[in-house]
Amino acid sequence: MIAAVKRWHAILCALLFFIPSGARAAEDLNGAAHSLARQTAAFAGPGQPVSVEYRNVSSLGAAELGQARSAFEAALKEAGLRVSDVAPVAELRLTLSENQSQYLLVEEARKGDERQVWMAAWTRAAPVAAALPGVALDRRLVWEQEEQILDVAFPAPGMLVLSPSKVTLYTRQNGAWEPRQAVPLAPGKLWPRDLRGRLRVTGASFQAFLPGMACGGAVEPSLSIDCRAGDEPWVLESGSRATMLANFAVTRNHFDGRVATGTGLQKTIAPFYSAASAGEQNRPLWLLALVDGRTQIFDAWLEPVGAIASWGSDIAGTEASCGGGSQVLATRPGDTGEPDAIQAFAIVNRAALPLTAPVEFAGPVTALWPSSATSALAVARDPLTGRYAAYVITVVCGL
Amino acid sequence: MRLMSSPWFAVCRGEACLALIALAATAAAATRPHYGGTLRVEIRQSFETPDPPTAGYGMPDLARAFAIASWEAGRRAVYAADENASGGRPFLDAVEIEMARPLRDQSIDLELGKADVVELGPSELRRQPAGRKVWASAPVRLMALVFSTRVEDARIREAMALAVDRAAIHNVLLQRQGEVSAALLPQWLSGYAFLFPTAADAARARTLVVGLPAAARAISLGVEDAAARPIAERIALNARDAGLSVSVAAQAAGADARLVEVRIGSSDPALALAGIAASMGLPEPPRAGSPEALYAAERALLEGFRVIPLFHLPDVYGVNPRVKGRPGITPLGEWRFENLWVEGGRP
């Protein structure tokens, strides 16, 4: 077969190199079909019957192949050709194909001994994430971007987004968030690989906690930030009252275990990723997601009183009025490439009792911080697009 | 041991203690990466060089985030985490590579938990237990026959192209790993590889060489990689059916044809084609700006049957369940171990 096409190949090559490189770029499948039909008409001659065979070697489905067929045959008709298996002047084979960046319609045309190959390509659109089923926790998308989102907070005039390279203030204009001002961050040394950061807002001022760096700033009259290198403890909150100061391991992705609670208690415990407070029969408890994979339950004196083995490494506490008055939102254990989920639990008899169905995410939850007394801020990475999306997850009572 | 050293061991009593130990033993992996630990890797290739390789794929990719800590040529290499690596220090403390390990031994080591990442050949892949974690690249290794300039008669080369029963080799010897192909670029990269016909046609091959003297129909086929020898033997068998006399030799130098493997070096199809052409001693193709132009360039390279593409094969690795993180290889098969971590590695 290779030998058989040699004769026309030289002509084809010569012809192809005279065609501008963008000549075969189509906007979409319909455009591609029209482009090929025009060339087919010139090849077969006006009014001639042609037979067409279709095949699909792409990841697109039968619907798209059907669409290609309809578009191509309509375009052939428009170009003055007839589709017929009876004594066709030219036999065509149309293949729906793809490479990394494009979909292709590849046409092989045969007229007697003469053969031709044409291709028309169009850009692959980014895959659309599947819709998620309804959930007991309310999930609201607040921001999405290419760069990793470390945290999002809501000072009086707008929304602050903390990214590895900057802090950005957004304000609402015509119902949409528009960037108002951005201030770059200049770390004294390289950020750790699994970078984490936290925003804490009080009125129009805010704090940003990053590994080895603490920043203070304000959003009024304009966005300003003052950062300094240091080992200052991060302020971890849970619900509306509980507060813990925790030292972050500067070159790692976890807290080193040195903590102080709002009651003034200071202690060194095992390194942990995240913390949440929960009440059990009016007794306050702290839950810490330890680096070894367990979530340890501590009493008010930070003595261990239990453990939970089935959570991921990020937890946050809320205090919605239902579900015992305090809830712990927890990610699911798993690998970073896997889908993740956030679920709300109550702590009953030092065990985790699920309160809601899990809110599913297509990719890993890369940050989960308390956002208000009844909500948390979650950031998830889309494994297909690599983009980061920030959500406010609110425990809604009465569902 | 971890429980013994933990600060809350003191409160662990009787049944409660057993419960806590059980919890510790079954603790699930957390989503967030752990720091620490050593990744144990085994490879078939042996680098008998005074220094670690710095070009190519695999071990040289580690230089992105690790620094060589120990080098025993041909045997073992240890790379340590670079604290100042771009993108942050790797989660792993070290990567330990054992070289020159036969595929079968690698597979056994994975089974016994002595290795974390091993290469899987077609036979080994078939023997893996259900649920085995496997990383596979896109088909990035082109296996092809390359004729020396000594074989001047294009009919011999074309007959060989028609004689090879790629489908049978793919089904049996390659255990359906990768793709049958008569194109230089794989389908995932070009989108048009299917245009190059792969079906064998022994009858037509015979008609091409039937009138040629026996000496002209005798071809030596060099294959240096012992693992590829069964494929070469099978090609020789196919060739005999077409009236060619092919003898398989372990030395590629001086052979009439060689069975070679060339790696796709770029995800840009035009650059990849240029790379393949350079590796196989083919003329540099013109820079193509559209799929059609690329197709024309590729056809021109294959004209004359100096090179006969046979298969596009992926890199396949078997992975210990304790290894976590995104796949440690890219679609092109490059190692990206800096984003991995291992359970049991603790800060």
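Modeller: Eight residues of domain 1 of chain B are in contact with seven residues of domain 2 of chain B. Keep in mind that this is a predicted model.

Biologist: Which element gives the most to the side of domain 1 of chain B that touches domain 2 of chain B?

Modeller: Helix H4 (residues 122-127) of chain B does, with four residues.

Biologist: Where are the bounds of the two domains in chain B?

Modeller: Domain 1 of chain B takes residues 31-137 + 316-342, and domain 2 takes 141-313. Their centres, taken over C-alpha atoms, are separated by 31 Å.

Biologist: And how is chain A divided into domains?

Modeller: Its assignment gives domain 1 (3-123) and domain 2 (137-395). In chain A the C-alpha centres of the two lie 54 Å apart.

**Confidence**

Biologist: What should I do where pLDDT is low?

Modeller: The general idea is simple. Now the case here. Chain B has a mean pLDDT of 88, and 90% of its residues reach 70 or more.

Biologist: Where in chain B is confidence lowest, and where is it highest?

Modeller: The lowest is helix H1 (residues 2-5) of chain B, with a mean of 29. The highest is strand E4 (residues 94-98) of chain B, at 98. Over residues 1-30 of chain B, pLDDT stays under 50. The model has 41 contacts for that stretch beyond four places in sequence.

Biologist: What are the ipTM and pTM scores of the model?

Modeller: ipTM is 0.71 and pTM is 0.73.

**A sheet in chain B**

Biologist: In what order do the strands of the open sheet in chain B run?

Modeller: Read across the sheet, strand by strand. There are seven strands, in the order E2-E3-E4-E1-E5-E13-E6 (chain B), and the pairing is mixed. The edge strands are E2 (66-72) and E6 (133-136) of chain B, each pairing on one side only. Ignoring direction, neighbouring strands of this sheet are turned by 20° against each other on average.

Biologist: Do one pair for me. How many bridges join E1 to E5 in chain B?

Modeller: Two bridges join strand E1 (residues 38-42) of chain B to strand E5 (residues 117-119) of chain B, and the strands run parallel. Pick out B:Val41: its bridge partner in E5(B) is B:Val117.

Biologist: Which strands of the sheet does helix H3 of chain B touch?

Modeller: Helix H3 (residues 103-111) of chain B packs on the sheet and touches E1, E5 and strand E13 (316-319) of chain B. The direction of H3 makes about 155° with that of E5(B).

Biologist: What is the secondary structure of chain A?

Modeller: Chain A has three helices and 30 strands. Of its 399 residues, 43% are buried. Take the contacts in chain A with a separation of 6 or more: residues 24 or more positions apart account for 48% of them.

Biologist: Where do side chains point in a regular strand?

Modeller: They alternate between the two faces of the sheet. Strand E24 (residues 327-331) of chain A is a case to look at. A:Gln327, A:Leu329 and A:Thr331 point one way, and A:Val328 and A:Ala330 the other way. Five of the five residues in E24(A) are buried.

Biologist: Which way do E23 and E24 of chain A run, parallel or antiparallel?

Modeller: Antiparallel, with four bridges joining strand E23 (residues 315-318) of chain A to E24(A). A:Gly317 has A:Val328 as its bridge partner there. Four bridges also join E24(A) to strand E25 (residues 340-348) of chain A, again antiparallel. In that pair A:Leu329 stands opposite A:Ala344.

**Backbone exceptions**

Biologist: Does A:Asn174 count as buried or exposed, and why?

Modeller: A:Asn174 counts as exposed, because it has 5 C-beta neighbours inside 10 Å. B:Gln175 is not a glycine either, and has a positive phi of about 50°. With 14 other C-beta atoms within 10 Å, B:Gln175 is partly exposed. The loop holding B:Gln175 lies between helix H6 (166-172) and strand E8 (179-180) of chain B.

Biologist: Where is there a cis peptide bond?

Modeller: From A:Glu220 to A:Pro221, with omega near 0°. A:Pro221 is in the loop between strand E13 (213-218) and strand E14 (224-229) of chain A.

Methods
Residues numbered from 1 in each chain as written. Chains lettered and ligands numbered in written order. Predicted model: local features only at pLDDT ≥ 70, side-chain atom pairs only at ≥ 80, totals over all residues. Pairing = 2+ DSSP bridges. Axes fitted to C-alpha atoms, helices over the stretch in contact; angles between N-to-C directions. Contact = placed C-beta atoms within 7 Å. pLDDT = per-residue confidence, 0-100. Buried ≥ 20, exposed ≤ 12 C-beta atoms within 10 Å, placed from the backbone. Domains from an automatic or database assignment.
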